[in-house]
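Student: I have the model open and would like to go through it chain by chain. Could you help me put it into words?
Tutor: Gladly; let us look at it together.

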Amino acid sequence: MEATLDTKHADHGHDHSHDSHHDEHKVNFVQKYIFSTDHKMIGVQYGFSGLLFLALGFMLMLVMRWSIAHPGVPLPPALDWILRLFGDDFVSRWAPNGTVSGSLYNMFGAMHGTIMVFFGVVPLGFAAFVNFVTPLQVGAPDMAFPKLNMWSFWLFALSGVLMVASFFLPTGAAQAGWTNYSPLAATVQMNSDSHFWTGQTQWLFAMVFNISASLLGAVNVLTTVINLRAKGLTWMRLPFFTWAMFIIAFLLLLAFPPLEVAALMQLSDQLFGSSFFLPTGLVTKEAGLLNISGGGHPVLFQHLFWFLAHPEVYVLLLPAIAIVSEVIPCNTRKPLWGYKSMVYGLLTLAFLSFIVWAHHMYLTGMGSVVATFFQFTTVLISVPSVILLTCLMISLWGGSIRFPVPMLFATAFLPMFGIGGLTGLPLAFTFIDLYLHDTYYVIAHFHYIVAPGVIFGLFAGIYHWYPKITGRMMNSTLGHLHFWPSLIAMNVLFAPMFVQGMAGFHRRWFDGGKVFEMTSHKYFYLNEIISWGAWGLGIAQLPFIINFFYSAFGGKKAGSDNPWNATTLEWNTPTPPPHGNFLTEQVVYRGPYEYSVPGAEKDYSPQWEPLSDGEKTASVANLKAGLTIH
Amino acid sequence: MEIPYTVTARPDTGLYNAKVGIWLFLASEVMLFGGLFSSYVFLRIGADFPWPRHELHVLPGFINTMVLIGSSVTVLSAWASLKARRYGWFQINMLITLLCAAAFMCIKGYEYYGKFHHYSVIMQDGSVLDGHRPSDHPENYAPESHNGDKVALTDVNAISLNLAKSEASFLKHLRVSAAADKPYAEAPAGTVVKVRTPDGTEAELNQDWVKSLKKSYRNLENVRSDLAIIKERIDSPAKQIAEMKAAVTGTYPIPFDAAKAEKLTAQAVELRASSKEKIKTLEDKIAELEQANPVAKAATLNLQVVGAPLTFLVDERDFAKYNAKEIIFRDDVVLTGTVKNDAIPLNADVIDLRQSKDPEKSLVWKYYPQLKDPFFKHKEEVTGQFVKKHPEHANDFEKDLDWQHEALRVEIEELVAEDVYKKLEEPGEAINIERSDKRFYSNFSPSRSPYYAIYFLMTGLHGLHVIGGAIVLGYFLLTGRAMYKRNPEHLANRVEVGGLFWHFVDLVWIFLFPVFYLL
Amino acid sequence: MDHSTETPAAHGAHDSHDAPVDLAKSIRLYLKVGGYLILFTCITWAVALIDFGSHALNIGIGLAIATFKVALVSLIFMHLNHERGLVYKVLLFTVIFGAAMMFLFVLAYLDPIKASLTN
């Protein structure tokens, strides 16, 4: 029997066999770059799609900003080409004579949110980085289920295609906001001839696929971290990046299913005429009393949606914190301050994030008991967030900081996220939220977190790991040209929104509040300033795009496998890492951030290096002196 | 490259990869069904209609529970057989598991079929009649006459379109009168509908023609709105000045800014002068386009049918409203003719007056006058028994949900003698409910009420899990031998993981059964 | 745990490389548990036909039996009684969040704003 068994080993990589390095010589182009099962290639695929979707979402926003700043004026050629991307038929239907119609604004508003959150930031921040970095950081040859990994990427790709394709339907894409609240979502396109080929229905299908892809990805990440950690890599020796990704995967795993339920229910409302979210006696202007049974609850959708969407906020945010907490110790040459408190803060944050969701729903009419509960948990959750931010700030203290481009973005992340976080505190209280809800204040608050906050974190990550991915460094001059204008433009873009919000500007006015000019005209001019910020931000990304593509071929060679002199395992692979990652089995001897260890020869002691004699002596001496080593 | 711990367990976690994976996946499944059960509870406590209890037949659900429990035992035995290296036993047990899955789905299908062919009419006053349609009667079943939820429109001579909104998709409802017993047969492919436009030309009404008209109209509209925008911009300074004047005495007074007003007036003059040329060009363009395609000049387009009048049969969900002479579609297409066949034929089997405004004057009695006395006699009996059992509710029994369920929702079978009931159920005895009397009409599908919606969603998702699980287990059965020879432990692991999923599916059903069938 | 119910097959969940499994013994256990499950299904049906005076009580009893059955399936069929801490931790948090979801949905519905207005 043994003899027959051996011949079959080759086509079964999962077997309990020892003939490794068999299959990697045989991969063709399609297997290597398209239907790849290699976690690094999948990470790069996610990264590219994420960046593309971010660009698309950004362009939609530029069109919206034009409409707000110059309502009724045709788009200038500098922006008109964005609409032309969708084809002439689309333009003549939705933007006659190049002016943005209300429907187009609603469509772009809904799709900007959806694309940015579910197709831009999560795939780039979570999926791309977790796929590329986490298996390397835990010393694994690949994800635990490589084929599943490929499937989840292609499921995600399918959902992205569906979402974008929905623009071209006769009804246009979804128009009920990225939150897709019923009954608006169920009625906005109900005059369409087909209930299947509407933007709303396709939005739901795309979301169901997207959610399924996220669930498969989350299972894969969790299994990899739980079961494939290298020898000696105990939980408290995990880099904070991997800890954060591990927690994010848990958030996705447990928070996404309720949204899947909501999406399926809304699909049923769309396609089978059920009334999950449609109350009795629902009337629309065009159809009068709707021919439905009624008896459902719009608020149920909001519960299911926000049960996901609040943890989702942390899914957006934590990758940035994770990246920043890798970049900062590496560039301050100091250990991460309060690693353990950060890990416990993270766990607390994740736990609490499941029970704060209804603070998005104060306007639905909530009794005092429930409102108090959610106000309490919402305020409580700011504690672990502040712990994370404070630890990162203190990590800077007393370091001889070097400032390569990733570190610029990482340091800028801290105050920007701080502004976003602190301006969120007032919104935790019902009496303030009732006034500020759905104004530009809320827009400014969460954009400060996700744009100059999260996106800066992600840029830091791209600049930081670029040499590992391509073997070449990104250009520093272009990096500076990217960073400084972006920082300024971001603030010009979002800071005035706080003012407008407090003056009562509603977030869904497609004409920027033109009809309300008489009441708030004092702040009306800010519409244009904000839009200037947006154009500036767009231009500021050009150096990045050039840098991104140019450096892959013409950038400075990385020189070594560990160009930043970092300590975590991903820097112990060949560059770029081959299929299977490591040349030898990895063994971990120490914690993740051992920079400037007393007694060590270098100012960094990688996890894969055993304690040197000098370090041992120094640690004994320190113990004697009653000191402890961080 | 080889991934560690695919077959053997990692010592510190005690699990191999797939087992970690499946438990995590099951955790997310718990949240999925947790979300569904939470929604169920929310919908049930928040229902503004009587939540159906004991309306499903328990027996099929009960049998299905047995079937799933049995399959859980066999899938375990299949795994244990592999552990004991008894491949034959594994095959037998796995086969039984798959047969159980098939049996489960068949029973489920039977239940669904019954519900799709059971109808409910909610009257304008809230009374409900449940029943079957005569066309569903086995002797009478003919798909062509299966049109209770459709409205027929004959003698259609005029069709009106709105070029801004309408598509030609209403043509899919076109029918022809083939024979007396098949009054509304599908129009054969290639049927040509000829129409006369207001300016007297004849055209063939189809998708492409309408599309081209819409395009012309849209081009014209674009130029018109270009013109409108320019004109509005010229008028806007005057309007702004008027608003400024009004604001002086408004709720929040703003002092009049004379300098600004002057600037605005100058602006208007300048604009008027500079746009003269542009306005002229646009006006010429409009005239030219109107000339080129006069049919698409205005949004509303009235067409006359050339030749024999047309017949349509339209699903009620597809149109917005109708009256005796017209059907108006959601995209503003208006068909003018004679409405026929708009009564809903029904052999009722349940009368439910729990939501009726006034049971005495319920619309049900218009169709079943002979059942009125038995119904109230039955109600008296139930009330008597109820008050005897719950003397404390002697005065407020009408608020009691149990009393309502017993007294106001009655199966007709209980009201009349068996032969009378049998006669009532004959297709010829079906009542024809006028559409103006009904508020809502549906079969027992998700559209019937949130109860049936969540019933179908949960059992349907559960059914999909059964099918998915069966496919995976079937794959192990069909392709397992090669792996068994190579590495029996690996196959055993796979079956264990598949089995864990299968038990989870069983576990969900253990909750679904009482929640939907019994409680 | 009683030694007699510790079947060799279930024991296999611990360590995949152990001695041959006593097939008959484990199948006997599974049949026994399957029998209990069927018995309790019958009891659920029977109990549903009895009126305990309030719907809440009927629902409570029905769900209690279902929970017991689910415990049987997960402990014995799914070998949870042999699992180690990790799976329990994952399931514990899942159950906490699932329960929080249901509880807070219901609480939010039953605590409408008019209640606080009348107080």
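**Chains and their contacts**

Tutor: Bear in mind that this is a predicted model. In chain B, residues 24 or more positions apart account for 74% of the contacts with a separation of 6 or more.

Student: And what is the corresponding percentage for chain C?
Tutor: In chain C, 38% of the contacts with a separation of 6 or more are made by residues 24 or more positions apart.

Student: Back to B: how many helices and strands does it have?
Tutor: Chain B contains 13 helices and 16 strands. Its radius of gyration is 34 Å, well over the 24 Å that the globule rule gives for 519 residues, so chain B is more spread out than a compact globule. Along its principal axes, the C-alpha trace of chain B spans about 95 × 80 × 65 Å, and 37% of the 519 residues in the chain are buried.

Student: Which domains does chain B get in the assignment?
Tutor: The assignment gives domain 1 as 31-118 + 448-518, domain 2 as 124-138 + 348-442, and domain 3 as 149-340. Taken over C-alpha atoms, the centres of domain 1 of chain B and domain 3 of chain B are separated by 53 Å.

Student: Take α6 of chain B, then; what does its length look like against the expected one?
Tutor: Helix α6 of chain B, residues 276-292, has 17 residues and reaches 24 Å from its first C-alpha to its last, which is close to the 24 Å expected at 1.5 Å a residue. This helix is hardly covered, the count of buried residues among its 17 residues being 1.

Student: Now the A and B pair: how many residues are in contact?
Tutor: On the chain B side there are 59 residues, in contact with 54 residues of chain A. The elements of chain B that give two or more residues to that side are α1 (17-45), α4 (207-247), β16 (438-443) and α12 (450-486). The largest share, 14 residues, comes from α1(B).

Student: How does that side of B divide by class?
Tutor: By class, the side of chain B that touches chain A has 26 nonpolar, 18 polar and 15 charged residues.

Student: What about A against C, how many residues does each chain put in?
Tutor: The contact takes 14 residues from chain A and 14 residues from chain C. On the chain A side, α10 (240-271), α11 (298-332) and α13 (368-396) each supply at least two residues, and α13(A) gives the most, with 3 residues. That side of chain A divides into 10 nonpolar residues, 4 polar and no charged.

Student: While we're on A, which residues of α7 are buried?
Tutor: Among the buried residues of α7(A) are Pro146(A), Asn149(A), Met150(A), Phe153(A), Phe156(A), Gly160(A) and Met163(A). What covers the buried residues of this helix includes α3 (39-69), α6 (102-137) and α9 (199-227) of chain A.

Student: And how far does α7 of chain A reach?
Tutor: Helix α7 of chain A, residues 146-165, has 20 residues and reaches 29 Å from its first C-alpha to its last, close to the 28 Å expected at 1.5 Å a residue.

Technical notes
Residues numbered from 1 in each chain as written. Chains lettered and ligands numbered in written order. Predicted model: local features only at pLDDT ≥ 70, side-chain atom pairs only at ≥ 80, totals over all residues. Domains from an automatic or database assignment. Contact = placed C-beta atoms within 7 Å. Helix = DSSP H or I, 4+ residues; strand = E, 2+ residues; numbered from the N terminus. Nonpolar A, V, L, I, M, F, W, Y, C, P; charged D, E, K, R; others polar. Expected span 1.5 Å × (residues − 1). Buried ≥ 20, exposed ≤ 12 C-beta atoms within 10 Å, placed from the backbone. Rg over C-alpha atoms; globule rule 2.2 N^0.38 Å.
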